[in-house]
Amino acid sequence: MLARVCSGAVNGIQAFPVEAEVDCGWGQTVIVIVGLPDAAVKESKDRVTTALNNSGFKMPMGRTTINLAPADVRKEGPSFDLPIALGMLAASEQMVTDQFDNFVIVGELALNGAIRPVKGCLSIALQARADGKTGVVVPAENAAEAAVVQGLQVIPVNNLREAAAFLEGEVRIPPFRVDLATIFDQPWDEEVDFADVKGQESVKRALEIAAAGGHNVLLIGPPGTGKSMLAKRLPTILPPLTLEEALETTRVHSVVGLLKPGQALVTRRPFRAPHHTASDAGLLGGNANPAPGEISLAHHGVLFLDELPEFKRSVLETMRQPLEEGTVTISRAAGTMTFPSEFMLLAAMNPTPDGKMPGESKCSPREIQNYLGRVSGPLLDRIDLHIEVPAVPFKAIASARAGESSAAIRERVVAARQRQQARFKGHSRATCNARMSNRDLKSFCQLDIQAMELLKIAMSDLGLSARAYDRILKVARTIADLAGARDISAEHVGEAVQYRSLDRQIWG
C-alpha cells in the first residue's frame, strides 16, 4: 500500500515542501530511502524502526521504499523521522487517516518514540501557510515558534503514538497559541546599562547617534578606556524589534538551532561578538552545506568586532559587500544561498600595537603602519563614525554620580527612528538613515549654502572619498532627527564631519 505524508525542509533560511512517499510491498524485509538523503536521513530508518517497536506498533514486513520528493534536492537532518514513521503506519494499514494532505508534519524520533525538536520550524510553518495547509504537526518544544504564524493550526505532539492518534481522530489536541502582544511587552530588565559608564560623554553621544540611524561605528582608544564596556551596552539603547524584524531574525536563529526550548520569537536585537580568530566561513557563513554565519546571526542587531586589526584581512574584506547590500551570498558545491545581514558593525581597536596614541607610542613608524594597514581604507569608508575613546580621568571614575540611563537614551533613539519611518513611508524602502540609497540622499538630505560650504571645506581638508561624503550626509540627517529638526543645518554637518576626522589623524 502507498501512503503520502506532507513534510518540509529548509534550504538556507527558506523552506520548501517535501512529500514523504512510503510504499510497503512484497519481498525481503528491508527499508530503502531515496530522494538524495544525507547521512542523518539515511540513519532515520534505524530510529524509526526502533521507535515503532517501542511504541507498540509492528514493523512492516517486506520491502519498504521511502521516497522524499522532490528527488533532485538534497534532504538534510532528522526532521523526516516522524513523517516517515507515520507513512509506514499508514502504508502497513496500522492507522487510517485522511489528514495527511491537510497537515505538514516534522519531528525527530527518539528510540522510545518521543519526539524531539528540529531546526527551522518557523520557516516550515510559514511555507505551510503559503501552501494553503490547515496546520502543522510539530514537536511540543517547537510549538511556540511555529504558533507565531497567524492563520495556521499548530498541533504540538510529544510522542509517535500521540501523533498517530491525533491524525486518526482518536485524540483531540487543541492548537497551540501564543499572544504576540504579551511576548513583545516583556519589561526591559537589562544586566548592563549606560548608567554604569563613568565619563565618556562624547562617546555616549556618538553611540546614541549610531543607534538612532543604524550607523556603523569604530571605537579607537588605548586599552582600559571602556571600549568593550560601551559596546556591550549599545543594544540597550536600540529600538525594539518590529514583528517583521523579529520574524526575520528568528528564522535565522531557528535554522542554526539557537532558539531555546519553548521560545517563540527573538524579541531583543542580537549582539554577536565573534573572536578575532574567526574564519571566513564562521563570519560570513558557509562550510560544505551553506549555513548562516555571524553576520547573519547579527541580522537587525549588532556585530561587535573587538581588536579589529587582529582579524584576518581576508575575513574583514569579505564584509564589504554585506555591509553595503544587507545580504550575503554563499556559493559552494552544494549550492548557492543568500542570507540576510542587515546589522550594525561596531568595531574596537587600539591606535598602535602597544595601545598608545601615535604621538606617545614607542613603536616604530613602520610597526604602526603595518598594524594599521591590516584595516583597509575601503572598509573604513563603510564605517560612518570613527570615535576616539580617551582615558577616563580619576575624578570621573571616583564620582558617585550615575550616568544617564539606557532607558532615557532609548526614548530619544526611538523618537528619531519614528521620524525616519514617517519620512520614508511611501517614498523609500530604507529602514533607517544608514540604509538610505543615493536617490534617498537627494530627496531627504538637502543642504543649505552654509552647510554645503562647510562640507566642501571638510572634504578638501580631510581628503575624504565620495563614499565618505554620503556617510557624512546620513549621519548629519540622523543628528537632525535627534534634534527634532526638519532640515539639516551647518551645525549638524559640523558634528557629522568630526566623526570622520579621527581616522585621517591616525591613518593619514
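In what order do the five strands of the open sheet lie? In this predicted model, local features require pLDDT of at least 70 and side-chain atom pairs count only at pLDDT 80 or more, whereas totals for chains, interfaces and linings use all residues. Residues are numbered from 1 along each chain as its sequence is written, and side-chain values use heavy atoms, with hydrogens and water left out.

The order of the open sheet is E11-E12-E15-E10-E16, and the pairing is parallel. Strand E11 (271-272) and strand E16 (385-388) form the edges, each pairing on one side only; two strands are taken to pair if DSSP finds at least two bridges between them. Strand E10 (residues 217-220) runs parallel to strand E15 (residues 344-349), to which four bridges join it. Within this pair, isoleucine 220 is placed opposite methionine 349 in E15.

The chain contains 22 helices and 16 strands, defined as DSSP runs numbered from the N terminus (helices H or I, at least four residues; strands E, at least two). Its C-alpha trace spans about 85 × 50 × 45 Å along the principal axes. Of the 508 residues, 52% count as buried, that is, under 20% relative accessible area with a 1.4 Å probe, protein chains only. Among contacts (heavy atoms within 4.5 Å) between residues at least 6 apart in sequence, 73% join residues at least 24 apart.

The accessible surface of the chain comes to about 22,600 Å², and carbon and sulfur atoms account for 50% of this area, as computed by the Shrake-Rupley method with a 1.4 Å probe.

Conventions: Buried < 20%, exposed > 50% of the residue type's maximum accessible area, 1.4 Å probe, protein only.
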